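Welcome! Here is a short tour of the pockets and charged pairs in this structure.

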Amino acid sequence: MEARIREIIKGMTIEQKIGQMTQADIRKITPDEVRRFYIGSVLNGGNTQPGNRRGASFAQWREATRKYHDAALATDMKVKIPLIWGTDAVHGHGIVSGATVFPHNMGLGATHDAELVREIAAATAKQVRATGIDWVFAPTLAVVQNVRWGRSYESFSSDPAVVRELGTAYVEGLQGRLGSDASAVATAKHFIGDGGTDRGKDRGVDLSSRADLIAVHAQGYFGALEAGAQTVMASYSSTRDFGKMHGAGFLLTDVLKKRMGFDGFVVSDWNGIAEVNGCERDHCAQAINAGVDMVMVPEKWEKFIKKTAREIRLGEIPMELIDDAVTRILRVKMRAGLFERKPDTVVGDAQDLQARELARRAVRESLVLLKNEGAPLPLRRGAKILVVGKSANSLRNQSGGWTLNWQGMKNHNADFLTGDTILAGIRAAAGEANVVFDKTAAKAKVESFDAVIAVVGELPYAEMKGDILFPAPLAESRLFPEDLQVLRKVAGHGRPVITVLVSGRPLYANDLIDLSDAFVAAWLPGTEGKGVADVLFRDAQGAAAVDFRGTLAFDWPRSPCQASFDGREPPLFARGYGLTYANTVRVATLDTPAADAACPDR
C-alpha cells in the first residue's frame, strides 16, 4: 500500500495535492467543482443538507452522495482518488430526517456500559453508510472539567478512565473491520484539552500543566488510537504552553504523530485555521506546518487552494510536509476500502436509519435516580397521572443540539419522522385515558391525580451558544424560571411529584429537588422517550419493570457557582452516585442559597 501511495503522489501536481488536503461544505461546492479541483473531501455541516433543503429525504441524501463520489472519480488524473465525506453523527445520524437519535455522550457515560456504546457506534456506522457517507466526526474525547462549557454533553465523563474506556469502545464499534460495508472512519476529537478550558469557555485556554494534559486530557486518545482511530480533529482551544492547537506543532506532530505513533491524518475543525495568529479562513501555512493534514475550509476552499499553492512555491510550506499530508490521507482512504469501492455502490437502505430498540435500551440505562423520598417510584400502571413541564412533549428538547440542525432549536415534533416523546411513553405505560398533560399546570387540579410527573430542563444548544458564561450561576431555575414556577404549582398538594430533568450537564437544582419527591437526571435521551417511562412504571404484575442502572459520570453541584469540582467544596452528589429501587438513601431538605448573584472570582 505504501508503495502504491508513493507512486500516486509522484504523479500529482501541487494543485492536485492541495485538492486532496481540502475539505469543503456541500453548500459551497458543486460535484463538478470537486472534479475540477481534485477535492479530497466534503462535509455536510451542522446546518447543511442536500440541495440546501431542510428535511431532505433519504433518497435525496443517497443521490447527493452518489453525485459527489462519482465526480471525484471523473477527474483527469491517471489514478482516480475517491472522495471521503464527513458528517457530525455525534449521537446517531442526527441530521437525517427519520434517523434514530441516541442519547448524547453524557448520558452514555452514565451507563458505564462499554458494550452498549460499541453497539450504538456500530448502528451509527450503518446509518451513515446507508446514506453514502464514510466518515464520522466522533467520538468526542473531552474530559470536561467545567460544565459551563456548552459542549459538556458531548463528553462521556469528567473521569479520564471512563472517557478512555467508552471512547475506545466507540471507535471499535464505528470502525468495526475497517474497509468493510459496516465500517465508518472515526475521528478522535478535539485534540487536545478542549474539556479543560478556563471557566469552561468555548475555544478558550486550557491552563493544565503538561502532566495533566497527559494524565487527564490525553487518556481518551491513548485508547482511541490503540483501537485504530484513523483521523484526529484539532481543537479550537489553546493550551497554556503551546497556544492555539491548530498551530501547535509540538503537540500535533512531535507528540501525536511521532511519540504516539499516529499514522492517520489530522483534520482541522470548521474554519479552525483562522484561530491561529496571522491566519485567515482561506490560508494558514502555520497550521499545515504544525501538522494539520486536511483543512476544513467549508466556504473559501478555492482561495485556500490558490493561496496554499503560492505559499508552497514561495517556500513557506515545505513540499515534504505536503507529501506527508497527502500520504496520510491516501493511507486512510485505502484502509477504509474507498479505492476498492465500485461506483454507484451504497450499502444498506432506509431501514438502517432505525435502531429504536437499541436507543430505548440506552435511555433506560442512562437515567440516574437522585432522589426517591417515600418511594413514589415506580408508579403503578393505571394510576392517574398529571404531566407538566415544557419538555414532556418535546422531541426537540429531549434530543438537544446536533439534531436535524446544528443548535437544535429550530425543531418541532413534526420534523421528526421517528421517535416518541417522554409524554408518549407515559401515556403508553399508564394508559391514554389516565394521563392529562397540562404544560404549565395552569388548569388541572393536582388532587384529582395519583401522581405528578414534571419534565423540565434546558433548551437545545451546541458549541458557542451553549456556554454559561462566568460569572452567571449555574442555577437551573435562574436559567429557566418557568420550571420552578410549574413545580411550585404542583408541589404541596399531597400528591407525589416526580421530576425528570432533561439537560446537557449537571445543574444546581436544589430548589427543584426540594419540591420533588423523586428526581431523575435524564440527560439528553434522544428520540426514544419511551425509555424513560420504562423505568418510571411498574409492570402489569405490579413489580418494578426495569430498575435504574445509571450512575453519575460527573459530580452534581451543591451550590449555584460550583461549575468545576476541584475539592474546595464537596459536590451534592459525587461521581458514581445513583439510587436504585433496591438501594435508596434519604435526601434531606437541601440548602437553597440565592442563585441570583454573580459568582465570585476565585
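A pocket here is an open set of points on a 1 Å grid over the protein atoms alone, where a 1.4 Å probe fits and protein lies on both sides within 12 Å along at least five of seven lines; lining residues have an atom within 4 Å of a point. A volume is the space filled by probe spheres set on the points. This is a predicted model, in which local features need pLDDT of at least 70 and side-chain atom pairs count only at pLDDT 80 or more, while totals for chains, interfaces and linings use all residues. Residues are numbered from 1 along each chain as its sequence is written, and side-chain values use heavy atoms, with hydrogens and water left out.

Let us begin with the pockets. The largest pocket has a volume of about 760 Å³. Its lining is made of 31 residues, and Gln145, Asn146, Ser564, Phe565 and Asp566 lie nearest the centre. Helix H8 (residues 210–217) gives the most to this lining, with three residues; helices are DSSP runs of H or I with at least four residues, and strands are runs of E with at least two.

The second largest pocket holds about 420 Å³ of space. It is lined by 25 residues, with Tyr236, Trp270, Trp402, Trp406 and Glu463 the closest to its centre.

Now for the charged pairs. Side chains of opposite charge can pair when their charged atoms come close. The structure holds 48 salt bridges, each a side-chain nitrogen of Lys or Arg within 4 Å of a carboxyl oxygen of Asp or Glu. Three of them are listed here:

| Salt bridge | N to O distance |
|---|---|
| Lys189 and Asp88 | 3.8 Å |
| Asp202 and Arg203 | 3.9 Å |
| Arg356 and Asp420 | 2.7 Å |

Lys189 is buried, at 1% relative accessible area (buried means under 20%, exposed over 50%, and partly exposed in between, with a 1.4 Å probe and protein chains only). Asp88 is buried as well, at 16%.

In the second pair, Asp202 is buried at 10%, whereas Arg203 is partly exposed at 26%. In the third, Arg356 is partly exposed at 29% and Asp420 is buried at 18%. Salt bridges that share partners also join Glu63, Arg66, Lys67 and Asp70 into one network.
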